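Trainee: Could we go through the side-chain contacts in this one together?

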Amino acid sequence: MPPFPSRTLIAAALLFSASYALAAKTNVEVLQTNLPHPWALDFLPDNQGMLITLRGGELHLWQQGKGLSAPIGGVPVVWAHGQGGLLDVVLAPDFASSRRVWLSFAEGGSDNKAGTAVGYGTLSRDLKRLENFKVVFRQTPKLSTGNHFGGRMAFDGQGHVFIALGENNERATAQDLDKLQGKVVRLNADGSVPQDNPFIGKPGVRPEIWSYGHRNPQGLAINPANGELWLNEHGPKGGDEINIPAAGKNYGWPLATWGINYSGLKIPEAKGGEVEGTEQPIHYWKVSPAISGMAFYSTDTFPQWKGKLFIGALKEKNLIELTLDGDKVTAEQRLLGDRKKRIRDVRVGPDGYLYVLTDESDGELLKISPAEG
């Protein structure tokens with residue numbers, strides 16, 4: 001077994017093995033069933049409910065006491081094949097005035113290949129339609145035949161939106177700075193390119209790029225403790241990672257990885273777990289849980305959760321609870337493992353409860369709180 005990255009404490013590994021064995025108890029309320037492959041959710045203000053995306057291409061409103069709405073109109077046509085479809089949903093920071101709802105989705109091209117696209121529309125006052133939907137970003141070239149779209153979005157509170165993009169299962173493109181595969185991009189809130197992006201003005205380099213060398217990001221969130229952007233991404237067989245993407249930095253894929261190919265052989269381009277010129281993850285899993293949506297817990301509702309990081313796991317079929325000390329993971333345990341459901345997204349609600357989507361043909365919306373005692 002290769003050593004842990006240098007930024008990860010050896011002592012923490014001992015804590016992992018001990019805490020992993022402790023299956024924390026939770027209270028679970030099933031709010032909605034029969035959701036075909038839900039992908040993401042976000043909360044409307046003033047207890048108006050939440051928006052939920054279904055990978056097949058539908059956006060719905062869920063409200064307490066009313067359940068799931070009919071599909072909301074005005075959603076763009078999506079390329080719903082393989083891992084592609086309607087992906088993330090995030091309300092604009094100024095939603096109260098703009099009513100903008102941002103969506104990421106797989107968009108088809110003319111050659112039966114697809115890429116990730118992002119746009120926004122205005123949610124009507126009756127909550128039934130997205131009006132004047134506008135696509136402001138397209139991943140180019142379109143290379144995906146159904147894999148590795150990424151698609152998570154996060155606003156930094158300073159007028160920028162970050163979008164995490166998979167490498168479309170075309171490994172080498174994650175290192176190609178003239179392509180938007182395997183990148184985190186940073187845009188202004190209107191979709192334009194910030195003039196302080198790290199590669200502005202460099203010939204042959206896409207100006208949208210913030211960081212590169214990513215494989216298939218599935219979780220993206222701003223750390224409320226310090227405003228840093230955190231990202232999690234799928235490794236191949238092994239090597240799921242958490243990174244803190246910094247401007248202009250290379251996060252290694254496929255040159256640096258702690259995983260191997262699904263065949264059991266070495267990744268052809270890989271030079272090891274630590275490669276000069278690339279950044280190490282702050283944490284990785286030698287055996288991949290297939291990590292997904294990610295949320296920091298910063299409210300006072302449940303003090304035992306404050307400061308924790310929660311990440312969905314698709315293959316492990318549980319919710320991972322991580323204890324942090326700054327940018328180090330010091331302990332982890334699993335929640336919801338007894339339900340045996342693929343967990344696609346997790347968000348912290350305005351009421352301080354965790355809300356979870358399970359990625360199944362009959363997916364569920366769950367409301368989670370820690371059990372007493």
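Mentor: What follows takes charged pairs, then aromatic rings, then charges over rings.
Mentor: This is a predicted model, in which local features need pLDDT of at least 70 and side-chain atom pairs count only at pLDDT 80 or more, while totals for chains, interfaces and linings use all residues. Residues are numbered from 1 along each chain as its sequence is written, and side-chain values use heavy atoms, with hydrogens and water left out.

Trainee: How many salt bridges does the structure hold?
Mentor: There are 20 salt bridges, each defined as a side-chain nitrogen of Lys or Arg within 4 Å of a carboxyl oxygen of Asp or Glu.

Trainee: Which residue does Arg152 form a salt bridge with?
Mentor: Arg152 pairs with Asp345, and their closest N and O atoms are 3.5 Å apart. The pair links distant parts of the chain, with Arg152 in strand 10 (residues 150-155) and Asp345 in strand 22 (residues 343-348), 193 residues apart; strands here are DSSP runs of E, at least two residues, numbered from the N terminus.

Trainee: Are those two buried or exposed?
Mentor: Arg152 is buried at 3% relative accessibility, and Asp345 is buried at 1%, where buried means under 20% relative accessible area, exposed over 50% and partly exposed in between, with a 1.4 Å probe and protein chains only. Both residues also belong to a network of salt bridges that links Asp88, Arg152, Asp345 and Arg347.

Trainee: And what about Lys306 and Asp300?
Mentor: Their side chains meet in a salt bridge at 2.4 Å, N to O; Lys306 is partly exposed at 43%, whereas Asp300 is exposed at 55%.

Trainee: Switching to rings, how many aromatic pairs are there?
Mentor: The count is 14 aromatic pairs, taking rings of Phe, Tyr and Trp (its six-membered ring) with centres within 6.5 Å, where planes under 30 degrees apart are stacked, over 60 edge-to-face and the rest tilted. In one of them, the ring centres of Trp79 and Phe149 are 6.0 Å apart and the planes lie at 55°, so this pair is tilted.

Trainee: Which residues form the aromatic cluster?
Mentor: Tyr297, Phe302, Trp305, Phe310 and Tyr353 form one aromatic cluster.

Trainee: Last one, what lies over the face of Tyr353?
Mentor: Lys367 does, at 4.4 Å from the ring centre, the rule being that NZ of Lys or CZ of Arg is within 6 Å of the ring centre and within 35 degrees of the ring normal. Arg215 likewise lies over the face of Trp253, at 5.3 Å from the ring centre.

Definitions and conventions:
Helices (H or I, at least four residues) and strands (E, at least two) are DSSP runs, numbered from the N terminus.
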